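Please look over the sequence and the three-dimensional structure shown here before reading on.

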Amino acid sequence: MNKKHFSAFISLALFLAASAPVFAAGGGALETADINIRDTAAIQRGAKLFVNYCLSCHSASYMRYNRLAEDLELDEDLVMQNLVFADVKIGETMDIAMEPEAAADWFGKTPPDLSLIARSRGADWLYTYLKTFYQDENGHWNNLVLPNAAMPHVMWQLQGIQKPIYATHDGHDVIDHLTLAKPGLQSPEEYGETVHDLVTFLEYLSEPAKLKRKNVGVWVLLFLTLFTLIAYLLKAEYWRDVH
Ligand code: HEC
């Protein structure tokens, strides 16, 4: 590669790196989720929230309960007791009880499988989505980052009810911000934590191998460091006789 090609290559790489998050976000102001995929406790809390609040409509059909137990260092019996309802066995995937067609009839849209949602939408989008449900003048649920979402606000009892405050921009009424009209069971900070846990779980769900890969990464680096040291000592040993 000559110099010109090299600099063209570098600019392309930088461009791709810089534009990636923009593609993922798709406009609109998103809050930062700040997810730590190694926070096993958060993933565990998120898994419980997912089963309680989401699994009735959304499946996560790439995830098996026993895989979840293994990754989260949980006892399989504990998972069965806490996360699994009815007649599901530990080796089964996280599927919903509802028929997809019935869900489509109710909501006008089939709730999508959430196995890979963190990869397609990104953690910040999910975090903002779950925090920006509001009730309009007619008492209908709506959402700031997914306008006219067919999904109701399933955690409204925790968050409370948000109402929109409008402002006029260029003659149009647009939502300026949301205000908490009716407090929920959790404070805004607590609800933020709840959503954070849930998004951490969704992030894990979209790539459970990430947990293992990061572990391997540390060992690879340690090995390389050690190997460099050995190679250096060996070189010193060989060259001693030559000098
Ligand atoms: C009562 C059924 C129901 C429940 C419970 C539910 N959802 Fe949904 N969800 C839907 C429907 C229907 C849609 C499709 C919305 C649309 O596209 O307008 C949806 C869409 C979504 C989307 C957007 C997908 C996309 O990229 O367009 C996400 C993310 C999501 N749900 C997450 C969750 C999470 C997390 C929970 C649990 C806290 C949950 N949902 C609980 C019905 C539900």
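## The model and its confidence

This is a predicted model, in which local features need pLDDT of at least 70 and side-chain atom pairs count only at pLDDT 80 or more, while totals for chains, interfaces and linings use all residues. Residues are numbered from 1 along each chain as its sequence is written, and side-chain values use heavy atoms, with hydrogens and water left out.

The quantity pLDDT is the predictor's confidence in each residue, on a scale from 0 to 100. Its mean over the protein chain is 84, and 83% of the residues reach 70 or more. Over residues 19-27, however, pLDDT stays under 50, and the model has three contacts beyond four places in sequence for this stretch; a contact here means heavy atoms within 4.5 Å. Where pLDDT is low, the predicted coordinates should not be read in detail.

## The chain as a whole

The secondary structure of the protein chain comes to 10 helices and six strands, where helices (H or I, at least four residues) and strands (E, at least two) are DSSP runs numbered from the N terminus. Of the 243 residues in the protein chain, 32% are buried. In this report, buried means under 20% relative accessible area, exposed means over 50%, and partly exposed is in between, with a 1.4 Å probe and protein chains only.

Among contacts in the protein chain between residues at least 6 apart in sequence, 67% join residues at least 24 apart.

How do the axes of helix α2 and helix α9 cross? Helix α2 (residues 40-53) and helix α9 (residues 188-206) have axes that come within 7 Å and cross at roughly 95°, the axes being lines fitted to C-alpha atoms, for helices over the stretch in contact, with angles that run from 0 to 180 degrees between N-to-C directions. The contact is made by residues including Ile 43, Ala 47 and Phe 50 of α2, together with residues including Leu 198, Phe 201 and Tyr 204 of α9. The residues of this contact divide into nine nonpolar, three polar and two charged; Ala, Val, Leu, Ile, Met, Phe, Trp, Tyr, Cys and Pro count as nonpolar, Asp, Glu, Lys and Arg as charged, and the others, Gly among them, as polar.

Helix α7 (residues 123-131) is mostly covered, since eight of its nine residues are buried. Among them are Trp 125, Tyr 127 and Lys 131.

## The largest nonpolar core

A nonpolar core is a set of buried Ala, Val, Leu, Ile, Met, Phe, Trp, Tyr and Cys residues joined through side-chain atoms within 4.5 Å. The largest one has 40 residues, and those with the most contacts inside it are Phe 50, Leu 68, Met 94, Phe 201 and Leu 202. Elements that give two or more residues to this core include α2, β1 (60-64), α3 and α4 (76-83), and α9 gives the most, with eight residues.

Leu 68 is found in helix α3 (residues 65-71) and counts as buried, at 0% relative accessibility. Leaving aside residues up to four places away in sequence, Leu 68 touches Ala 47, Met 63, Leu 83, Met 94, Phe 201 and Tyr 204. Phe 50, with its neighbours within four places likewise set aside, is in contact with residues including Leu 55, Met 94, Leu 114, Phe 201 and Leu 202.

Val 79, in helix α4, counts as buried at 2% relative accessibility. Its C-alpha atom and that of Ala 69, 10 residues apart along the chain, are separated by 6.4 Å. Ser 206 lies in helix α9 and also counts as buried, at 2% relative accessibility; beyond four places in sequence, Ser 206 touches Ser 115, Leu 116, Ala 118 and Arg 119.

Asp 34 is found in the loop between α1 (3-25) and α2, and is exposed, with a relative accessible area of 65%. Its phi is near 55°, a positive value in a residue other than glycine. Asn 148, in the loop between β4 (141-143) and α8 (156-159), is exposed with a relative accessible area of 62%, and its phi is near 60°, again a positive value in a residue other than glycine.
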